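Subject: Structure for you to look at, with notes

Dear colleague,

Please find the structure below, followed by my notes on what was found in it.

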Amino acid sequence: MTSRQQGRRAVITGLGVVAPNGVGADAFWKATRQGVSVLDRISREGCTGLPLRIAGQVQDFEPQSAIDNRYLVQTDRFTHYAMAAADLAVEDAGFRADAEQPFAVGVVTAAGSGGGEFGQRELQQLWGQGPRFVGPYQSIAWFYAASTGQISIRGGYKGPCAVVASDEAGGLDALAHAARTIERGTDAVVVGAAEAPLAPYSMVCQLGYPELSLAERAEEAYLPFTAKACGFAPAEGGAMLMLEDEQTARRRGATVRAYLTGHGATFTGASRWEESRDGLAAAIRIALDEARIAAEEIDVVFADALGVPAADRAEALALADALGPAAERVPVTAPKTGTGRAYCGAPLLDVTAAVLAMEDGVLPPTPNVTEVCHDLALVTDRARPAELRTALVVSRGLMGSNSALVLRRGERS
């Protein structure tokens with residue numbers, strides 16, 4: 001991070017979650033720690049007759065209670081999740097923007113697609129009734145940058161804003177971009193990702209992914225690192241985090257929950273899973289080098305866990321390549337097997353789980369997975385206590401992006 005200004009370092013001060021297993025960090029962590037699986041039959045209107053049967057759906061979320069109607073009517077479900085999660089992160093951090101310094105706070109999100117549900121509805125209006133029946137917000141609500149824009153507008157955040165479009169791994173890349181923004185002089189960044197891929201048009205698009213699980217039963221839909229692996233179950237939701245400059249956060253009395261210490265990103269090509277071994281290993285090494293830590297210092301790995309045999313094998317080998325002998329003993333976990341993969345939101349949920357795991361001193365389990373067929377110390381069955389100071393989160397996208405992030409524990413509450 002050569003552009004870092006003297007003494008500036010990005011820290012996490014707030015967590016906001018809208019996930020299939022809970023809304024809010026506390027509910028999310030309780031279910032994650034207990035290894036609860038919420039994968040189930042898709043029940044969303046218009047989605048039940050498609051070959052994709054099982055996913056992680058956000059439950060008990062009423063956007064009307066969290067977001068003003070004037071914003072609701074101009075946004076898609078994926079932005080509703082992001083705005084609600086952003087509010088939770090800001091509240092969790094105890095952060096209040098200075099109205100006289102609006103350029104001190106930025107917004108960064110990652111997005112894999114955009115507002116498919118909103119776009120489909122308006123296009124149906126166009127073809128069914130004509131152009132006069134298409135709402136004016138069609139031009140913006142579907143756009144993958146909509147969440148960044150709406151969070152910025154609602155919060156009055158006029159600092160550097162961006163959207164990262166680098167596949168599922170973009171969730172980690174967005175955090176790195178936000179950290180560098182803080183190191184260059186911005187005081188705070190609201191950063192994260194939330195997705196809403198469970199709408200008819202969006203689901204039909206996903207059916208083109210050979211990695212998608214078409215299993216009929218929830219307990220068999222997403223089993224990475226096992227002989228029964230048959231792809232991944234998708235999910236909606238995600239997480240937003242409050243990142244701040246450490247010194248600025250401490251001056252206002254905020255609690256530092258975690259440090260972002262290193263990040264690496266590479267590219268190996270769409271569905272070329274054997275090659276992702278080298279790409280992911282390289283990303284991990286870059287992250288470790290930037291964090292200035294040895295492989296032996298990693299206390300837990302939050303795995304990508306795609307659920308495709310070739311991809312799972314490549315990930316296990318990449319961890320061995322990058323971590324060396326330490327890979328044989330470091331615990332590996334994939335809580336997302338209980339919620340599904342929320343595309344760009346998935347690694348943000350992993351980062352949130354990593355922060356909470358380090359705070360609690362607990363390794364969360366990998367739901368539904370029991371018999372592992374790769375050389376990994378995968379945490380299965382139930383959570384277990386552990387002294388956790390440093391976590392590695394890894395992510396790969398279906399189009400070939402690889403990303404790795406190193407986190408250090410902050411102050412325990």
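Throughout these notes, buried means under 20% relative accessible area, exposed means over 50%, and partly exposed lies in between, with a 1.4 Å probe and protein chains only. This is a predicted model, in which local features need pLDDT of at least 70 and side-chain atom pairs count only at pLDDT 80 or more, while totals for chains, interfaces and linings use all residues. Residues are numbered from 1 along each chain as its sequence is written, and side-chain values use heavy atoms, with hydrogens and water left out.

Loop residues

Asp167 has a phi near 75 degrees, a positive value in a residue other than glycine. Asp167 sits in the loop between β6 (161–164) and α8 (170–183), where helices (H or I, at least four residues) and strands (E, at least two) are DSSP runs numbered from the N terminus. With a relative accessible area of 19%, Asp167 counts as buried. Arg292 also has a positive phi, of about 60 degrees, although it is not a glycine, and Arg292 belongs to the loop between α11 (276–291) and β10. At a relative accessible area of 78%, however, Arg292 is exposed.

A further loop residue is Arg252, between α10 (246–251) and β9 (258–267), which counts as partly exposed at 33% relative accessibility. If neighbours within four places in sequence are left aside, Arg252 is in contact (heavy atoms within 4.5 Å) with Thr13, Ala93, Gly94, Phe95 and Glu244. Arg252 and Val36, by contrast, are 216 residues apart in sequence and 37 Å apart in space, C-alpha to C-alpha.

Strands

Glu244, one of the contacts of Arg252, is also a residue of strand β8, where it is the bridge partner of Val11. Strand β8 (residues 237–245) is mostly covered, with nine of its nine residues buried. In a regular strand the side chains alternate between the two faces of the sheet. In β8 both faces are covered, with Gly237, Ala239, Leu241, Leu243 and Asp245 buried on one side and Gly238, Met240, Met242 and Glu244 buried on the other. Two strands pair if DSSP finds at least two bridges between them, and β8 pairs in the antiparallel sense with strand β1 (residues 10–19) over eight bridges. Strand β7 (residues 188–195) is likewise antiparallel to β8 over eight bridges, and Val190 stands opposite Met242.

Strand β15 (residues 390–396) is mostly covered as well, with seven of its seven residues buried. On one side these are Thr390, Leu392, Val394 and Arg396, and on the other Ala391, Val393 and Ser395. Strand β10 (residues 300–302) runs parallel to β15 and is joined to it by three bridges, and Val300 has Ala391 as its bridge partner in β15. β15 also pairs with strand β16 (residues 401–409) in the antiparallel sense over seven bridges, in which Thr390 has Arg408 as its partner. Four residues lie between the strands in the hairpin of β15 and β16, where Gly400 takes a positive phi near 115 degrees.

Helix packing

Axes here are lines fitted to C-alpha atoms, for helices over the stretch in contact, and angles run from 0 to 180 degrees between N-to-C directions. Helix α1 (residues 25–34) packs against helix α13 (residues 345–360) at an angle of about 80 degrees, with the axes 10 Å apart. That angle makes α1 roughly perpendicular to α13, given that angles under 35 degrees count as roughly parallel, over 145 as roughly antiparallel, 65 to 115 as roughly perpendicular and the rest as oblique. Ala25, Phe28, Trp29, Thr32 and Arg33 of α1 make the contact with Leu349, Thr352, Ala353, Leu356, Ala357 and Asp360 of α13.

The axes of helix α4 (residues 77–93) and helix α7 (residues 146–155) come within 9 Å and cross at roughly 40 degrees, and the two helices are therefore oblique to each other. Phe78, Thr79, Ala82, Met83, Ala86 and Asp87 in α4 meet Ala146, Ser147, Gln150, Ile151 and Arg154 in α7. The buried residues of α7 are Ala146, Ser147, Thr148, Gln150, Ile151 and Ser152. After α7 comes Gly156, with a positive phi near 70 degrees.

With best regards
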